[in-house]
Amino acid sequence: MDFTELETYLAVADSLNLTKAADHLFISQSTVTHRLNRLEDELQYKLFTRKKGKRTVELTVRGEEFMSLAQRWIALHREIELLKHSYSKTLSVASIDSVNVMMLPTVLKEISKKEHGVNVKIQTGHTPEIYDLVKRREADIGFVSSDSYYEEIITQPVFKQKYVLIRPCARPQGRKKVHPSELDPSMELFQSWGYDYLKWHDYWWPSTVSPHIKIDSVTALCNFLDDEQYWAIVQLSSLKTILKNLSVQVYDIAEPPPEWVCYKIMHKYPDSKNAASIRSFNQIFDLFLSDTDLFMDNI
């Protein structure tokens, strides 16, 4: 089946006018008619009804049914042509904010180096959004905070994180310890860290007491740590980012929440044109995890 014939059919189906279709394609009306005749001969049924001397046409029932097939064929043809002429590798990574801040910059800087030749797209979102992006293949790799079952998605736990409590402090005195019962929940800068964390949080502080502020990222948290009455609970690795910008007192938590687990997710059948980029990312990411001290409790 010829691409130009299908292209011509779709142009005529859109305008229902042979002259307009010819103008749109920059060809003569006789060429439009010739291409349609060849396509109908190949299909062995009529796509349009045409009245002698008229430039307008009407789609037949078969002609209407054929439209979706022609559109899919054209889209596939263009994708094949794009792949044939594309030499750069691409990779789309979607991540929750905490992982994006604490670890992805190192990995993505490495994979975007000239020797890897990968063009990287980074998206930050919440866990449900990231699952949807990977499911629709709009992201090749995702990093999320919960393990949800999707038939199309592979979920892999990649690391665990302890939590610490922090307070703004002009003169920190090394690690201290605090019990949840000692804390005023109305002074909390609250960030949800997932289902297990919320269960633990609700046990110690009833939902009838509202935190001072609810935030959705470590980046936002840094903007509000400006009073020594305020406190927040963060992952240990996020603390390194916070300490670069703020002076805080760090507390270990007595009767702490369960460790936070980060999951890497990928589609079971990823976009084939990005397979090499995905392999490169996984190799660099695994090397990063084996070499880094980001998750060590030594701050």
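Let's start with Cys169: its sulfur is 16 Å from the closest cysteine sulfur, the one in Cys222, and that is too far for a bond. A disulfide here is a pair of cysteine sulfur atoms within 2.5 Å, and by that rule the count is zero. Cys262 is in no disulfide either, with the nearest cysteine sulfur, in Cys222, 19 Å away.

Please keep in mind that this is a predicted model, where local features need pLDDT of at least 70, side-chain atom pairs count only at pLDDT 80 or more, and totals for chains, interfaces and linings use all residues. Residues are numbered from 1 along each chain as its sequence is written, and side-chain values use heavy atoms, leaving out hydrogens and water.

Back to our cysteines. Buried means under 20% relative accessible area, exposed over 50%, and partly exposed in between, using a 1.4 Å probe and protein chains only. Cys169 is buried at 17%, and Cys262 is buried at 0%.

That brings us to the cores. A nonpolar core is a set of buried Ala, Val, Leu, Ile, Met, Phe, Trp, Tyr and Cys residues joined through side-chain atoms within 4.5 Å. The largest one has 65 residues, and Val99, Ile166 and Phe281 touch the most other members. Strand E13, residues 260–267, gives the most to this core, with six residues; strands are DSSP runs of E, at least two residues, numbered from the N terminus.

And who meets Val99? Leaving aside neighbours within four places in sequence, Val99 is in contact (heavy atoms within 4.5 Å) with Leu104, Phe143, Phe159, Trp260 and our friend Cys262. There is also a second, separate core of 21 residues, including Leu25 and Ile74.

Terms used. Helix = DSSP H or I, 4+ residues; strand = E, 2+ residues; numbered from the N terminus.
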